Amino acid sequence: MSSNSQIFYRQYTGESDLPRIMALVQSELSEPYVIYTFRYFLHQWPHLSFLAYPSDPDNSDPIGVIVCKQSMHRNRSNRGYIAMLSVDKNWRKRGIASALVRNSIDAMKEDGVEEIVLETEFDNLAALSLYESLGFIREKRLYRFYLNGKDAFRLVLAVPPSDSDDSSDTSSDPSSSLPRSSTLRCPPYRAINVIPYSDDEDDYISGR
């Protein structure tokens, strides 16, 4: 668990988090999601999803959430995908969204992510500014992508190999083999092929 100016962040811990995540996402995002969509992401990639709280998580409701996945894209690249990002409108402009995205990116990096993608409405200037400040670039425009008829931009972040991946001299430093983060995690996750969704399901499950 981490904190930033009294905002606390933690990973998704289980089904007890689901009702609050659903309430937050459905109140802030335009796309409708059924419970099975949430479970698809949260059950397979719980370590990639984070919640933000204004105080001790045991005594407050979340004010922000990010839901992600990571899998092999067409058997070529280890791809991360940001499916949902939502921050309560009363808590925006405090760096919560960028902190949530960074937490998920860091978790994906531990599993060797090579690129991260997402879609956002073409006129959502706040979201575009946020992601572009984190290094995402606009890959293409998707016409009438959302159920409300709006277009979307697909954004992509290329993730270069970390310095530790290229280091050949680690035997003299015992600490080099230790985890970089003390965050509680499940057994190591790697990019996987997921059934029944295809590699193109990202085109249909997104709403920011």
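Cysteine 68 touches Phe41, Trp45, Leu48, Ser49, Tyr81, Ile82, Ala83, Ser104 and Met108, not counting residues up to four places away in sequence (contact: heavy atoms within 4.5 Å). The model is predicted, with pLDDT of at least 70 needed for local features and 80 or more for side-chain atom pairs, while totals for chains, interfaces and linings use all residues. Residues are numbered from 1 along each chain as its sequence is written, and side-chain values use heavy atoms, without hydrogens and water.

Cysteine 68 belongs to strand β4 (residues 64-73); strands (E, at least two residues) and helices (H or I, at least four) are DSSP runs numbered from the N terminus. Because its relative accessibility is 0%, cysteine 68 counts as buried (under 20% relative accessible area, 1.4 Å probe, protein chains only). Its C-alpha atom is 5.6 Å from that of leucine 48, 20 residues away along the chain.

Six aromatic pairs are present (ring centres of Phe, Tyr and Trp, the last by its six-membered ring, within 6.5 Å; planes under 30 degrees apart are stacked, over 60 edge-to-face, the rest tilted). The rings of tyrosine 40 and phenylalanine 41 have centres 4.9 Å apart and planes at 70°, so this pair is edge-to-face. Phenylalanine 145 and tyrosine 146 are also paired edge-to-face, at 4.9 Å centre to centre and 90° between the planes. Tyrosine 40 and phenylalanine 41 are buried, as are phenylalanine 145 and tyrosine 146. Tyr40, Phe41 and Trp45 form one aromatic cluster.

The mean pLDDT (the predictor's confidence in each residue, from 0 to 100) of the chain is 81, and 75% of residues reach 70 or more.

Technical notes: Buried means under 20% relative accessible area, exposed over 50%, partly exposed in between (1.4 Å probe, protein chains only).
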